[in-house]
Amino acid sequence: MHLRKVYTIARHEYTVTVRRPGFIVLTATVPVLGLVVAVLVLVAGRGLLAQVDTLVGAMEKPIGVVDKSGYFSPVLPAFADDFQRYEDETEVYRAVDEGRLQAAIVIPPDYVQTGRVYVYSPQNVFQRVSLEDSHRLRAFLAVHLSRPWVPEEVLVRLSEPLVTLTPVASRQETAGPWASFTQVLVPYMVAILLVISVFASSGYLIQGLAEEKENRLVEIIISSVTPMEWFVGKVVGLGAAGLTQMGIWMLTSLALSGGAMLALVAVSPIPWYRWGLFLLYYALGYALYAVLQAGLGALGTSTRETQQIAGLASVVAFVPFMLSGLVFTVPDAPLVRGLSYFPLTAPTMMIFRLAVFSVPTVDVVVSLTLLVVSIPVAGWIGAKLFRLGILFYGKRPSLAEIWYALRSA
Amino acid sequence: MQPTVRVREIRKSFGTLQAVDGVSFEVYPGEIFGLLGPNGAGKTTTIRMLMGILHPDAGQVEVLGQAPIQVRERVGYLPEERGLYPNLKVLDILTYLAQLKGRPKAWARERAEALLARVGLAERAHAKVKELSRGMQQKVQLLAAIVHDPEVCVLDEPFQGLDPVNLQLVKELLLELKAAGKTIVLSTHQMNQVEALCSRIALINRGRVVLYGELARIQQTYAANVVYVHASSPLPELPMVRRYREHNGMYYLELPPEVSSQQLLRTLVQAGVEIQAFQVGRLPLEDIFVRVVQGEGQHAPS
């Protein structure tokens with residue numbers, strides 16, 4: 001294989017693709033949309049933020065209590081910050097109207113029999129509903145009712161029965177409150193990125209593949225280079241174009257999010273070497289799909305047909321998403337392990353597993369080995385299909401012909 | 001003299017179809033060789049094997065003394081199925097295709113510019129292909145086959161879609177290549193162009209070579225009993241003539257082997273025909289082609 005020719009083809013494919021109006025428009029979409037959202041947030045969001053501020057501020061104020069049942073006087077010190085006792089309704093309603101209180105509750109004499117509490121609030125229905133659902137209010141009522149029979153320190157604990165929920169596993173001890181969230185979110189993001197890259201690049205691969213076929217340049221090209229040189233050059237050039245687009249999208253997202261994405265990665269409890277593995281799986285997965293799609297894509301007779309055939313391959317990359325429930329609950333299930341070995345699903349599957357669980361080293365080694373081996377194999381098959389596909393003008397090779405081409409290596 | 005192209009007993013089948021069935025021929029340095037045949041005769045398959053695009057099931061192809069894929073950079077190819085990148089600039093395409101043939105970019109660009117100037121397209125060098133007329137595109141396609149300065153050119157239907165002016169231009173270009181010592185394999189259905197350009201031909205029919213050798217000799221062989229007569233009065237009934245055609249007073253007469261042209265002349269004079277011209281002629285290649293393909297005669301390869 002002449003590397004100089006491969007380079008010439010890759011460069012040609014890359015420059016032609018990145019200059020396509022479709023590519024430029026699509027690449028610009030993410031930054032432009034991001035900017036539009038940012039501007040919208042800045043302009044329209046200000047008023048919204050102010051409203052949210054008022055609502056949150058109001059909810060931080062205490063609740064006035066008028067106790068006619070006798071169970072709630074005096075208010076226990078554990079609730080003193082949140083509940084203030086008032087003698088009569090007029091006074092408490094005024095305090096609410098003046099904004100000193102979040103709301104007022106009036107507990108009638110028959111409260112123990114009926115469980116009915118009256119509320120006075122200047123805010124909306126939403127706040128009343130949230131008050132009804134408030135654990136703090138329920139605790140206030142329950143703790144005060146049990147006061148005559150329960151010792152003081154138990155009352156204090158009853159007022160807040162659960163302060164922290166600390167996991168036992170040693171590797172999680174240092175993790176902050178964001179840990180679990182990022183642990184699931186981050187692999188999802190990386191895996192989604194992989195699938196999006198595969199889909200986006202397949203578009204360019206297909207366009208690039210169909211181009212010579214539709215424009216009847218096939219024979220001219222293969223009288224100059226071997227199908228393998230052409231194939232590799234195309235995969236590299238068009239793959240690089242896809243990655244360029246992904247890179248631009250990621251950089252813009254980083255810039256527009258003000259580094260929030262980086263912060264997410266920083267607080268993630270995933271150790272650095274696993275990030276290395278993510279990148280490795282991403283790169284290998286991308287290469288495998290690019291090679292396969294190029295081979296399969298060459299069998300199509302038109303852009304549309306090529307798209308359908310190559311699309312089939314990328315659907316497989318979605319399988320681990322469908323099984324993500326299983327992956328996160330039973331990470332060592334035979335099906336999950338099996339799909340971690342199968343090269344087409346290995347990248348996404350392993351990214352999921354590595355993010356959340358300690359994966360047996362053997363799984364990592366086997367899946368990486370199979371993935372690495374599968375790329376030249378897929379390349380060989382891809383190049384055969386490619387060679388077969390490019391010589392068929394306007395007609396799709398039959399399965400028998402495909403089989404014959406693969407056998408006559 | 002060592003042949004530039006040597007094809008020996010090549011065979012190729014696709015499923016049950018025997019596309020090429022033992023084709024042999026040789027092409028020598030500096031000649032324009034005509035590879036002819038009706039549609040579906042196996043010409044394109046033969047050419048594809050010559051270019052190393054297809055591998056023969058049996059037989060051997062040598063170009064410049066080696067297997068075709070080993071010398072692909074020294075060979076130029078204008079396939080019948082051809083096109084260009086419609087959205088790319090003419091000069092960029094030619095440069096890219098020459099680079100694929102192993103030429104450095106700067107060299108390729110310079111050569112492409114010179115060739116474009118030669119065919120009157122210098123001003124369109126930076127135009128996109130889709131902005132060119134069909135004839136211009138045809139010329140660019142021909143340039144794509146020779147831009148890397150190959151020693152051997154395989155040209156399948158190079159005159160397709162050309163007006164008479166451009167046709168003449170392309171013919172001149174081919175003769176220039178020949179003069180520069182290039183070997184050209186020319187496949188076309190335009191027999192008059194073959195007669196004008198080729199020194200030797202091979203006619204393929206149903207996957208086999210049915211006629212092969214020097215064009216002049218072939219025409220002599222087939223033209224032994226052809227006579228052109230220009231007469232100002234109609235010809236009488238001539239039972240001795242096997243076949244005849246008339247156009248504007250010019251008669252084309254084919255005689256059976258036992259009748260000589262002298263006998264015909266005598267008969268015409270005796271019949272009082274006013275003869276203005278009488279010429280023992282060559283059978284047009286087109287007629288030889290039709291006759292051979294229709295199975296009226298077969299000439300063993302010489």
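**View 1. The second largest pocket of the predicted model has a volume of about 770 Å³.** A pocket here is an open set of points on a 1 Å grid over the protein atoms alone, where a 1.4 Å probe fits, with protein on both sides within 12 Å along at least five of seven lines. Its volume is the space filled by probe spheres set on the points, which are joined across faces, edges and corners. The lining counts 27 residues, each with an atom within 4 Å of a point. H12(A), T15(A), V16(A), R19(A) and D92(B) lie nearest the centre. Helix 1 of chain A gives the most to this lining, eight residues. Helix 2 (90–100) and helix 3 (105–118) of chain B each supply at least two. By type, the lining has 13 charged, seven polar and seven nonpolar residues. Asp, Glu, Lys and Arg count as charged; Ala, Val, Leu, Ile, Met, Phe, Trp, Tyr, Cys and Pro as nonpolar; the others, Gly among them, as polar.

This is a predicted model, where local features need pLDDT of at least 70 and side-chain atom pairs count only at pLDDT 80 or more, while totals for chains, interfaces and linings use all residues. Residues are numbered from 1 along each chain as its sequence is written, chains are lettered from A in the order in which they are written, and side-chain values use heavy atoms, without hydrogens and water.

**View 2. Helix 1 (residues 3–18) of chain A crosses helix 10 (residues 227–256) of chain A at roughly 35°.** Helices are DSSP runs (H or I, at least four residues), as are strands (E, at least two), numbered from the N terminus. The axes come within 7 Å. They are lines fitted to C-alpha atoms over the stretch in contact, with angles from 0 to 180 degrees between N-to-C directions. The crossing is right-handed (near helix turned clockwise from the far one by less than a right angle). Contacts (heavy atoms within 4.5 Å) include I9(A) and Y14(A) in helix 1, and W230(A) and L238(A) in helix 10. The contact residues divide into eleven nonpolar, four polar and four charged.

**View 3. Chain B and chain A bury about 2,400 Å² between them.** Buried area is the accessible area (1.4 Å probe) lost on being put together, summed over both parts. Carbon and sulfur atoms hold 55% of it. In chain B, R72(B), Y85(B) and L100(B) lose the most area, together 26% of what that side buries. In contact are 24 residues of chain B and 23 of chain A.

**View 4. A cis peptide bond joins S73(A) and P74(A).** Omega is about -10°. P74(A) sits in the loop between strand 1 (63–67) and strand 2 (83–86) of chain A.

Definitions and conventions
Buried area is the accessible area (1.4 Å probe) that two parts lose on being put together, summed over both.
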